[in-house]
Amino acid sequence: MTASPAVAILQSSSTNFNSSFYTSLYSSSLLRLNSSRRPLPEVFGQKSISKAGEHYNIRAAKVYSLRAEEQRVIQEEAPQMLDTFPSFEVSPGLAHPLGVSEVESGINFAIFSQHASAVTLCIFLPKSIHDGVIELALDPQKNCTGNIWHICIKELPQGDVLYGYRIDGPRNWHEGHRFDNSIILIDPYAKLIEGRRTFGDNSSKMCRFLGTYDFNSLPFDWGENYKLPNILENDLVIYEINVRAFTADETSGLDLNQRGSYLGLIEKIPHLLELGVNAVELLPVFEFDELEFQRRPNTRDHMINTWGYSTMNFFAPMSRYASCGGGPVGASREFKEMVRALHGAGIEVILDVVYNHTNEADDENPYTTSFRGIDNKVYYMMDLNNNAQLLNFSGCGNTFNCNHPVVMELILESLRHWVTEYHVDGFRFDLASVLCRGADGTPINAPPLVKAIAKDSVLSRCKIIAEPWDCGGLYLVGKFPNWDRWAEWNGKYRDDIRRFIKGDAGMKGNFATRIAGSADLYRVNKRKPYHSVNFVIAHDGFTLYDLVSYNSKHNDANGEGGNDGCNDNFSWNCGIEGETSDANINALRSQQMKNFHLALMVSQGTPMMLMGDEYGHTRYGNNNSYGHDTAINNFQWGQLEARKNDHFRFFSKMIKFRLSHSVLRKENFIDKSEVTWLEDNWFNDESRFLAFMLHDGNGGDIYLAFNAHHFSVKTAIPSPPRNRSWYRVVDTNLKSPDDFITEGVAGISETYNVAPYSAILLEAKQ
């Protein structure tokens, strides 16, 4: 029901913002705007055009304590005035921009809701000013323009203010509405979010998340000599990384307050440079609730969401990645410091973004924090022929209605914000096929949002990468609507490379096609080889070590009875499942990991690797480890040091070899003059050997051979270019340091015995 002056809104006594000056909401003031009618002011194109503000009476309503799980409305028979309360001058405000903005006449608030019948702005001031929540009920006659509700408050502090909205409207479930005015909702356009201050702090697992703003801080100083890396797409080597997991482990050697933070990542930039990568793809860094699984009893209530694919807000950086519990303002500043430091090292920053769903879950167990309560019918896809149940193409209970004009503009504004405010260089779109669906889930051939992203001027310098599938079966690898701009995670590359290297029959032709740039998928219109983001391993699925150590997933720790995670891993344990002390098995596993990495780094396209694979990180067969804030996910710096001179050495040298040889990263698809396939056995499904030469036009040819048989293959080595000799750079069968010799080993004869499950790389040199 709609709140009245005689109704008190109950909040939890355990609400916790982890800030010394915010109250636990023991009291509340309800300010209702004067309802006298007068013409609406014009709101477009002017800073402030309302008449002089008016002072309004404030009614007080006592707030009672309840258990954290409860939020409900009770009738208050005798509302009492607070002893003291701030006096604010308010005016109708502006409908644009959405969110919070500082204007000449004060702080402006604006929020969209097409179907709302009542909107109340809730403000939490620093305790030194006011001990409680102030609720301003917006008058639909004065504070609503079209579907945008707005208000401007004079003399409101320029920072340290928390805010949210109570919104009411139709309760017709079957029409798609999910209004509940007992919940204070996050503004979708909030640029900062306040919640708990410490990652995984179980004592505040039920804390409320609210918007905040910062008009106090000076503009960030990017530095006099600062510049964007602007790396060409065909030169990229992407390193997928989880900000928290990268430095959360004590073996990182960082101070406890810096582990798992944006600043912690800065400290490890030397490692990235030593490895040789030039772009990081950060797992989600938009605000999310890592303790969402623990808000109610369930089979996953022991888990902590460390991957972050559960977005609360699309503008705010994850506040608990700030060092020392620095909160949202600190997180914003330190994120910029991280980007500046990475750019200074010549490393680009790509964000993994999740616009396909939000944290608000499903209709059975909703976690309403924002969109659902603001206007569910606008923000989510639903089946209006089935009691308006939420459609679930994300596998997470809801699907964001991305091609609705209002939702599309929200997403575009979010992307522009990360480019202009935080200087990021690109985006990888999680389950991007969702972006190709209409409001009822039907696939769209030319989705407006996907086109708008491709054509947007602010985003024109950015790398844009689609994960071209979703959980509803819309598989668009090689067919994602692209306007010659979009790149794709190439899932077919992953599967074909895995199957050939482990020795599956009939895969040689597919392996050659993937190595050569997947022209069968991407040689269309003006698309390029680099529009194929090649990967063998990503965050979801096996690590590289586990790919060669486990035949089956081992996900019992996830609490879903082993039913989660992919079953089609195309993995091979090399003879024994899991950990073993068998030296021969471990040697074969090491060899196979090098084979995979070699194949990735010599393939045309854009290579991507997962953090930790450079030392052989294991999750002990868990191929869906999103909920473990432990060594299962955390980078093990001690293991890196132990393997620095063998496994890591090979991975680093192979990356640098790629970057120093342009023949491995062509801008255009290779033609017959640029490659010689040393093969006359294409149609023999039992053949698991492939050899070929790449020609650079200047005599610096490269010869490669991959043997996925369980026996050696003696192969003829073709003559090198004129005045050149072959030098062996790589033989994955050899132990370090002989497995990779940068300057090469001379004396290659007319034949070479390629060992079982191994690969070689020869370079023609003078």
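This is a predicted model: local features need pLDDT of at least 70, side-chain atom pairs count only at pLDDT 80 or more; totals for chains, interfaces and linings use all residues.
Student: Why does Val 602 count as buried rather than exposed?

Tutor: Its relative accessibility is 1%. Buried means under 20% relative accessible area, exposed means over 50%, and partly exposed is in between, with a 1.4 Å probe and protein chains only. Residues are numbered from 1 along each chain as its sequence is written, and side-chain values use heavy atoms, with hydrogens and water left out.

Student: Where does Val 602 lie, and which residues is it in contact with, leaving aside neighbours within four places in sequence?

Tutor: Val 602 belongs to helix α12 (residues 583-602). Helices (H or I, at least four residues) and strands (E, at least two) are DSSP runs, numbered from the N terminus. With those neighbours set aside, Val 602 is in contact (heavy atoms within 4.5 Å) with Ile 515, Met 654, Arg 658, Leu 664, Leu 704, Phe 706 and Leu 761. Leu 704 is 102 residues away in sequence, and its C-alpha is 9.0 Å from that of Val 602.

Student: What makes something a cavity and not a pocket?

Tutor: On a 1 Å grid over the protein atoms alone, a cavity is a set of points where a 1.4 Å probe fits but cannot get out; a pocket is an open set with protein on both sides within 12 Å along at least five of seven lines; lining residues have an atom within 4 Å of a point. Here 8 cavities of 30 Å³ or more turn up across the whole structure.

Student: How many residues line the second largest cavity, and which element gives the most to its lining?

Tutor: The second largest cavity, of about 70 Å³, has a lining made of Val 536, Ile 537, Leu 544, Phe 596, His 597, Leu 600, Met 608, Met 609, Asp 613 and Phe 651. Two or more of these come from each of α12 and β27 (606-610), and α12 leads with 3 residues. By class there are 8 nonpolar, 1 polar and 1 charged residues. Ala, Val, Leu, Ile, Met, Phe, Trp, Tyr, Cys and Pro count as nonpolar, Asp, Glu, Lys and Arg as charged, and the others, Gly among them, as polar.

Student: And what lines the largest cavity?

Tutor: Its lining has 15 residues, with Asn 242, Leu 610, Met 611, Arg 619 and Asn 633 nearest the centre. The volume is about 120 Å³, and the classes are 7 nonpolar, 7 polar and 1 charged.

Student: Why is Asn 242 called buried?

Tutor: Its relative accessible area is 6%, so the buried label applies. Asn 242 is in the loop between β18 (238-241) and α1 (243-247). Away from its neighbours within four places in sequence, Asn 242 is in contact with Leu 283, Thr 306, Trp 307, Tyr 321 and Met 611. A polar atom of its side chain lies 2.8 Å from the backbone oxygen of Thr 306, and one lies 3.2 Å from the backbone nitrogen of Ala 245.

Student: How do you know that the span of α4 agrees with its residue count?

Tutor: The expected span is 1.5 Å times one less than the number of residues. For the 18 residues of α4 that should be 26 Å, and the end C-alpha atoms are 25 Å apart, which agrees. Buried residues of α4 include Phe 335, Met 338 and Leu 342. Just after α4, Gly 346 has a positive phi of about 80 degrees.

Definitions and conventions:
A polar contact is a pair of N or O atoms within 3.5 Å; within protein, one must be able to donate a hydrogen and the other to accept it, and residues adjacent in sequence count only if both atoms are side-chain atoms. Grid points are joined across faces, edges and corners, and a volume is the space filled by probe spheres set on the points.
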